[in-house]
Amino acid sequence: MRKFWCLFLAVMLLSPPGVAAAHDSIRGWTILSDSDAGADEVIASAKKYRVNHLQLSHEVVHDLQEVRDPRRQAQVNRLTSLAHASGIREVAAWDHALYNLTYYPAEFRTGPGGTIDLDNPAFWEWFRGDYRAMLDLVPQVDSIILTFIETGARVENQHSTRLKTAEEKLAYLVDQIASVIDERGMLLYLRTFGYYPVEMDRTIGAIDRVQNKRVRVMAKAQPHDFFLTHPVDVTVPRIKRPVLIEYDTTGEYNGQGKIANAFVAEHADRLRHYRKLPNVIGYVARTDRYAESRIVGTPTEINLFALKRASEGASNSQIYLEFAARRYGLLASPHVARALARSPEIITSTLYTLGSNSANHSRLDYDPYCSSYHRSVSGKWIDPPETFVRHGVNKKFHYWIDVANHLSPPHCKTDGVLRREAGYVLDRGWVTPGNLMTSEYLSYLKVEKDHGVQLAEASLRDVERVRKLLRPNDYAQLKSYFERTVLTAKLHRAVAKAYFGYRIYVQQPSTELARTIWTGLDEAQIVAAQVKAYPAPPTGEWNWVVDANQAELYFKRISEGWDRYAGIKVPRP
């Protein structure tokens with residue numbers, strides 16, 4: 001059997017890589033971190049992926065005004081020059097418009113309540129001049145990626161008697177920026193975004209009103225944000241402009257590359273869907289989540305590889321095997337590929353609960369973080385809002401009636417977000433007031449979290465089996481990757497059992513329930529100590545070690561009495 005795998009993989013690796021279709025003309029990456037060493041490593045790796053488009057965002061340049069800072073300006077110019085020298089044709093910088101209201105001279109803030117008078121031609125003359133001055137500081141940049149909704153002063157909230165609607169104001173703002181972009185032969189991409197479908201409709205309405213025909217659009221591969229359970233963005237075909245699809249290959253909500261994050265189908269299947277649309281011109285993928293969290297050179301790099309190879313016609317199973325063989329060697333590749341391929345189910349059993357993301361930007365945070373129970377619920381974007389949860393549970397759930405209604409803390413049902421973003425859920429009685437956590441849902445949750453632990457342990461065993469076939473550094477990397485995954489899965493299992501069990505206990509105390517809660521609390525303390533003693537992964541937005549402190553916080557809240565739940569204590573049985 002080993003000879004068969006070696007022959008099969010050798011044939012694949014010697015096969016020509018394929019040629020991307022014309023509508024995949026953009027093959028892009030995005031650097032978020034301001035780590036110079038990290039950026040250099042990413043740009044050096046771009047050539048083998050045939051990257052021809054690079055975005056500089058977030059910690060490099062989030063608002064174009066930041067290039068007035070000499071350090072930021074120097075970094076943008078250095079990275080732009082390096083990217084061009086490395087064969088990357090197009091380098092784009094991010095921007096948001098408008099900035100905070102105080103950025104704009106008081107002489108233009110003459111509208112009601114100190115708002116900007118958008119009908120004043122002098123304001124737009126100043127605005128365009130200011131934009132030119134900023135672009136002068138980064139002259140080699142080829143494109144701007146513009147977020148033009150829900151930013152700073154929010155142009156739709158400024159005064160105008162001529163521009164009657166929010167869409168008209170947004171479109172006019174875009175056209176002013178586009179006119180400056182055109183002067184320099186640059187390109188402008190508009191980022192779409194919306195917390196709920198009506199907001200997406202408004203964004204597309206604004207784009208439809210933009211007069212400049214050269215303006216392009218960048219849309220996320222999911223509506224709203226990067227959740228594994230969100231569907232594809234069905235608004236993309238409605239956009240009457242070239243569209244670039246943005247992928248989160250670093251897992252903002254899904255582990256940020258620090259744990260099992262090999263999501264081949266998540267990226268390849270979405271790419272296959274979008275590349276069939278005539279207005280889609282390619283993809284761009286994030287390469288880090290701040291600081292030293294870049295995925296290049298790690299097992300999570302497989303997500304970048306998946307986009308490249310899927311655009312060239314490779315199947316998902318082929319992508320797993322090819323990546324494992326190229327990175328870790330032919331002999332070890334079947335076991336490594338199998339270990340990596342469990343990632344989606346591990347994560348959706350661990351950082352998700354019954355089909356909904358329950359991690360705050362990958363952090364352990366069941367309560368008080370409310371977005372898990374309203375803003376981030378995939379049911380907003382699915383009709384009917386139902387999901388079938390495997391993970392040993394094997395049951396269909398209604399996202400609102402079943403999942404959100406039972407799992408949500410009471411205060412998250414009344415904080416105003418659900419009413420604003422999905423009021424129909426309340427109107428239809430799908431989510432009702434109060435703490436509705438039950439023993440039935442706790443049993444589902446326990447099965448699912450156990451499943452995540454079991455799969456994580458199975459992947460770690462796969463790595464252990466091929467230790468002798470791996471280079472020492474590769475073995476150490478994979479071992480750490482999956483050991484962190486096991487610890488994360490165990491920590492979530494323990495805290496979820498204690499927290500959701502406590503939510504039942506405060507309504508119906510029982511010795512049996514107290515035993516379940518304390519089993520979770522004791523396990524959480526043990527695993528938290530193991531996390532703290534474990535070598536920390538590279539820095540980034542999600543500080544993996546801090547989850548241990550969060551677990552200890554839940555121990556304190558539940559054992560000493562949580563004021564949010566009437567200070568009820570759970571005595572040790």
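**The disulfide and selected side chains**

Reply: The structure, which is a predicted model, holds 1 disulfide. The partners are Cys370 and Cys412, and their sulfur atoms lie 2.0 Å apart, inside the 2.5 Å cut-off that defines such a pair. In general terms, a disulfide is a covalent bond between the sulfur atoms of two cysteines. The torsion about the S-S bond of Cys370 and Cys412 is about -75°, and the disulfide is therefore left-handed. Cys370 sits in the loop between β12 (363–364) and β13 (386–389), whereas Cys412 belongs to helix α13 (residues 410–413), so the pair ties together parts that are 42 residues apart in sequence.

Cys370 has a relative accessible area of 11% and is buried, because buried means under 20%. Cys412 has 1% relative accessibility and likewise counts as buried.

Ser333 is another buried residue, with a relative accessible area of 0%. Ser333 is located in helix α10, which covers residues 333–341. The side chain of Ser333 reaches the backbone oxygen of Leu330 at a distance of 2.7 Å.

A further case is Glu483, a residue of helix α16 (residues 472–505). With 17% relative accessibility, Glu483 counts as buried, since the value falls under the 20% limit. Leaving aside residues up to four places away in sequence, Glu483 touches Leu460 and Tyr534. With Tyr534 there is also a polar contact, made between the two side chains at 2.5 Å. As for Val463, its C-alpha is 10 Å from that of Glu483, and the two residues are 20 residues apart in sequence.

The side chain of Ser510 reaches the backbone nitrogen of Leu513 at 3.0 Å. Ser510 and Tyr253 are separated by 257 residues in sequence and by 35 Å in space, C-alpha to C-alpha.

Definitions and conventions: Residues are numbered from 1 along each chain as its sequence is written. This is a predicted model: local features need pLDDT of at least 70, side-chain atom pairs count only at pLDDT 80 or more; totals for chains, interfaces and linings use all residues. Side-chain values use heavy atoms; hydrogens and water are left out. Helices (H or I, at least four residues) and strands (E, at least two) are DSSP runs, numbered from the N terminus. Buried means under 20% relative accessible area, exposed over 50%, partly exposed in between (1.4 Å probe, protein chains only). Contact means heavy atoms within 4.5 Å. A polar contact is a pair of N or O atoms within 3.5 Å; within protein, one must be able to donate a hydrogen and the other to accept it, and residues adjacent in sequence count only if both atoms are side-chain atoms.
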